[in-house]
Amino acid sequence: MTIARTIRRFTLLVVSVGLALPSFSQSGTNSPYSQYGWGVMSDQTSGFNRGMNGIGIGLRDSRQVNFLNPASYSAMDSLMFLFDGGVSGHITQMKEGGNSISRKNANFEYAVAGFRVARHLGVSIGIIPYTNVGYSYATTLPIGESSTYTYTNTYTGSGGLRQVYAGIGWEPLRGLSIGMNAAYMWGDYEKWVVNSYSDKYTNTLSKLYRADVSTYQLGFGLQYAARITSKDNLTLGLTYTMGHKMEADPTCIITSTNSQTGVSDTTRFEINEKVGLPHIFGAGMGWHHGTKWKVGIDYTLQKWSGVDFPEYKLVNHVPTYSLNPSYFEDRHKVNVGGEYCPDMTGRSFMKRIRYRAGASYASSYFKVNGKDGPKEVSVSAGVGIPIINNYNNRSILNLSVQWVRNAASGLLTENTYRLNIGFTFNERWFQKWKFD
């Protein structure tokens, strides 16, 4: 491959993701659980992964961009340019103490692209969400047993973290691949707590928690693929993402407003110490039986217990805003999933459809009032529908549905029903055509 052709490919890669960047909005959530920590953790998966409920550490596919393990980039087809974008819509039903409510949301989720630079060397670039913050609810209670007046606590929040990455995967030895993703992460959050009273004499008290993040993230991957039989291949994968301290300058602003005069008194707290991101370890295994069967299992450990987070407290009636080393706990996640395609290269359209399913379990990474946060159980099913016409038979429409349950003892229970739509644009843009 010439240097000029490599430059043209990389330019095309950057332009493709760059065109999607203005359309990228933070993947939304309506979960009250997103008020804790950095918010609700994103799936960080593409369309084909989601049909198998997020597996990917041990998967290698020449026709998909699998950014869960950058070592997989070395498997990309040498003649193809890959672009993958996805959207989702969901309905969440929340129940607590006999009360229930439903919320809807729809979002542009991710945009990634990739191609092979040279033999056994692939690159990828993309934009994906990391965490999501979005909630709005209120509670109203009487001030006392004999009082006719009430007080209302209103909770609202928005924001989240997202990242743009560039990655490379290389196979230096037959069957052994290594890779790296380098990402720029940015985002913010604003969380409001407003305490108001119906008697019009008691002051209204509001708290605003906010932080701005601008940092980097480095992730590494390894895969070893071994041929078991003429049709069976086993791939073992490992991933590691570096944890580190970052600038965020968390701030807490407390405002007391006199309900009669409208005069406000403001107190500002700011933490100048650095907050952090966790070390993340992943291990996965994938089994391929020709092009018909694909099965995998992943385990991920996020070491949040070593990360501090700011928290407002009253200590002996004195307000404090400081880093709490016990705010987070380690997050464990296990995914299993698979794909079945009757005949990927056959003439029958129905036999070329990829059928997928998966399930997962994850613990919480934050605590609620010192107790374990909600545990997550999820199942999914999906299909990969080939796009077949006169000039394209390699692109795929990825559709999947997911049910996700988040629940903790004595707290809110959430049941989310999500529809994921992803499109993998797969074209032989780099093939040399011959004309008679």
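I looked up Glu190 to begin with: at 32% relative accessibility, Glu190 is partly exposed. I take buried as under 20% relative accessible area, exposed as over 50%, and partly exposed as in between, with a 1.4 Å probe and protein chains only.

The model is predicted, so I note its limits: local features need pLDDT of at least 70, side-chain atom pairs count only at pLDDT 80 or more, and totals for chains, interfaces and linings use all residues. Residues are numbered from 1 along each chain as its sequence is written, and side-chain values use heavy atoms, with hydrogens and water left out.

Next I looked up the partner of Glu190. The side chain of Glu190 forms a salt bridge with that of Arg210, at 3.6 Å from N to O. Glu190 sits in strand β6 (residues 176–197) and Arg210 in strand β7 (residues 204–227), 20 residues apart. A salt bridge here is a side-chain nitrogen of Lys or Arg within 4 Å of a carboxyl oxygen of Asp or Glu. Strands are DSSP runs of E, at least two residues, numbered from the N terminus.

Arg210 is partly exposed, at 25%. I found that Arg210 also pairs with Asp212, with 3.0 Å between the closest N and O atoms. Asp212 is partly exposed too, at 37%.

Then I turned to Glu339 and Arg356, whose closest N and O atoms are 2.8 Å apart in a salt bridge. Glu339 is in strand β17 (residues 331–340) and Arg356 in strand β18 (residues 354–362), so the pair ties together parts 17 residues apart in sequence. Glu339 is buried at 4%, and Arg356 is buried at 5%.

For the whole structure, I noted twelve salt bridges.

Technical notes. Helix = DSSP H or I, 4+ residues; strand = E, 2+ residues; numbered from the N terminus.
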